[in-house]
Amino acid sequence: MITQCETSEELDQLVERARAYAKEGKVADYIPALGQADPNDLSIAVHYTDGRCLAAGDTEKTFTLQSISKVLTLALAIMDNGEDYVFERVGMEPTGDPFNSIAKLETMIPSKPLNPMINAGALAVTNMINGNTVEEKLGRLLAFVHDMTGKSHITYSSKVAESEFKTANLNRSLCYFMKEHGIIQGDVEELIDLYTKQCAIEVNCNDLARIGLVIANEGKDPETDREIIPRQISRIVKTFMVTCGMYNASGEFAIRVGIPAKSGVSGGILGAYPNKLGIGICGPALDDKGNSIAGIKLLEMMSARYGLSIF
Ligand code: DON
């Protein structure tokens, strides 16, 4: 297990250049506890399949996964139920709408969410995780995170989870709409409880880069060669990261950066360059689409400098 990453003057300089863009963004505050983050923070860890790792900024500082957790629940739900079951209930197409939009749920027939990365789709996916209770389902998700990061102490922030639970009325309305249309089953409050806890799972940039590395490495832990996610499922997950991972900025991101990635409103960005490296970034100031503004700039600079586009 990597404990100490190398530093690089060049990466430090790119981080400082990218950090300048943070002032054009804004920290998310619709979940009140996220509003306390420092908008000027920016850090990155890059973990390679050959065991090397590079870091810049405060990579030990923790933040919550938020929407990045959707990548993990998707993998787990497919492992639990199979592809057919999952994609009968959630689509595979980008939306072009904001991450929390309800609009297409009503206009599409059948009324299933367009993809698992928007909130509606992610809530439907979380509803598919096996387990009898919220605790059991969350425990399985945390065990999955422990396997990917090699860190068994990772848990969720009850402060952030409670803050979102109290304010998650839009997500509740998505759930009730989907329950009416038979996409989800069971108690909506329990689903919101599980979803807000999954979004509040706390990691640092090194943990996130380690998750990206397993996804990049076709689902296997590169140190032990142990399979954590079946290869086909890691392929599906990476493809969704390309087409929907940055919401209605995914097309531009694919052109400017070209790395499968997933963002969260805490300012995290998970990246997975197939068979090569995993990336973990945190920069809490967001652009108007809910993606880390300095984080995206940093990835653009890195992609141009090191030729990182997969295309
Ligand atoms: O459901 C929500 O609104 C948040 N817990 C997660 C949204 C999110 O991270 C969108 N990403 N940029």
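**Talking through the predicted model**

Biologist: Let's move to Ile 279. Where is it, and what makes it count as buried?

Modeller: Ile 279 belongs to strand S8, residues 277–282. The cut-off for buried is 20 or more other C-beta atoms within 10 Å. Ile 279 has 29 C-beta neighbours inside 10 Å, so it counts as buried.

Biologist: Which residues is Ile 279 in contact with, leaving aside its neighbours within four places in sequence?

Modeller: Ile 44, Val 46, Ala 209, Gly 212 and Gly 271. The test for a contact is C-beta atoms within 7 Å. As for Leu 54, it is 225 residues from Ile 279 along the chain, and their C-alpha atoms are separated by 9.6 Å.

Biologist: Now the overall layout. How is the protein divided?

Modeller: Into domain 1 (9–66 + 203–304) and domain 2 (69–199). The contact between them takes 30 residues from domain 1 and 28 residues from domain 2.

Biologist: Which helices each supply at least two residues of the side of domain 1 that touches domain 2?

Modeller: Helix H10 (205–216) and helix H11 (231–244). H11 gives the most, with seven residues.

Biologist: What is that side of domain 1 made of, by class?

Modeller: It has 20 nonpolar, seven polar and three charged residues.

Biologist: Last one, the ligand. Why do you say it lies between the domains?

Modeller: Domain 1 and domain 2 both give residues to the shell around the ligand, so the ligand lies between them.

Biologist: Which residues come nearest, and what classes are in the shell?

Modeller: Of the 13 residues around the ligand, Gln 66, Ser 67, Cys 199, Val 265 and Gly 290 come nearest. By class, the shell has three nonpolar, nine polar and one charged residues.

Notes. Residues are numbered from 1 along each chain as its sequence is written. This is a predicted model: local features need pLDDT of at least 70, side-chain atom pairs count only at pLDDT 80 or more; totals for chains, interfaces and linings use all residues. Domain bounds come from an automatic or database domain assignment. Two residues are in contact if their C-beta atoms, placed from the backbone, lie within 7 Å. Helices (H or I, at least four residues) and strands (E, at least two) are DSSP runs, numbered from the N terminus. Ala, Val, Leu, Ile, Met, Phe, Trp, Tyr, Cys and Pro count as nonpolar, Asp, Glu, Lys and Arg as charged, and the others, Gly among them, as polar. A residue is near a molecule or strand if its C-beta atom, placed from the backbone, lies within 6 Å of it. A residue is buried if 20 or more other C-beta atoms lie within 10 Å of its own, exposed if 12 or fewer, and partly exposed in between; C-beta atoms are placed from the backbone.
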